[in-house]
Amino acid sequence: MSKQFCMEQQRYQFEYSVYDSIDELSQEDAALLREAQQATHTAYAPYSQFQVGAAAKLVNGKVLCGSNQENASYPVGLCAERVLLSAASSVYPNVPIETIAISYDSGQGNSDRPISPCGICRQTLVEYEKHLGQPIRLVLGGIKGKVFVIPGSTLLLPFGFSSEDMEKG
């Protein structure tokens, strides 16, 4: 018979906003989500047919877009979020991102509900936030339907890996 000990229980929760459609968003968020929707058209997704677009508004007012780029040598493709973050850090180094909108067109369905970043992209977003010291708001939506607005990307990955973890060994 083994004993189980539990020092304390913790609960993780966060609040986010849910809108019925893009029409309920602020003008600025709606425009950014439309940019992400347009960016789905630049995706290279011949294998999955799942086109993802992302658009970022930087604190300097500039807007950049990215889309997923697949490769026959799976899994070396890139998600739209990481393409976008790479472009932003290359073109505007050390300029924080205020908001990222992410959209998709599944090519095989209605694309009518929000999607969220994959695990690799969540980790990348968390590091980008920490590196530049500013939360990145996320506006998540499909081509139509509900839209989620999340105050910061770290909320999606509360126990993200960090360089401090490597130092502690």
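Two residues count as being in contact when they have heavy atoms within 4.5 Å of each other. Keep in mind that what you're looking at is a predicted model. With that cut-off, take the contacts between residues at least 6 apart in sequence: 67% of them join residues at least 24 apart.

Now for the layout. There are four helices and six strands in the chain, and if you trace them along the sequence you get β-α-β-β-α-β-α-β-β-α. Along the principal axes, the C-alpha atoms fill a box of roughly 55 × 35 × 35 Å.

Heading inwards, 38% of the 169 residues are buried. In soluble globular proteins, nonpolar side chains tend to be buried together. Here the largest nonpolar core has 23 residues, and I97, I100, Y128, I136 and L138 are the ones with the most contacts inside it. The elements that each put two or more residues into this core are β2 (51-58), α2 (80-91), β4 (97-105), α3 (119-132) and β5 (137-141). There's also a second, separate core of 11 residues, with I22, A101, V139 and V149 among them.

Finally, zoom in on I136. Which residues does I136 contact, leaving aside its neighbours within four places in sequence? The list runs I97, E98, T99, I100, L125, Y128, E129, I150, P151, G152 and S153.

Notes. Residues are numbered from 1 along each chain as its sequence is written. This is a predicted model: local features need pLDDT of at least 70, side-chain atom pairs count only at pLDDT 80 or more; totals for chains, interfaces and linings use all residues. Side-chain values use heavy atoms; hydrogens and water are left out. A nonpolar core is a set of buried Ala, Val, Leu, Ile, Met, Phe, Trp, Tyr and Cys residues joined through side-chain atoms within 4.5 Å. Buried means under 20% relative accessible area, exposed over 50%, partly exposed in between (1.4 Å probe, protein chains only).
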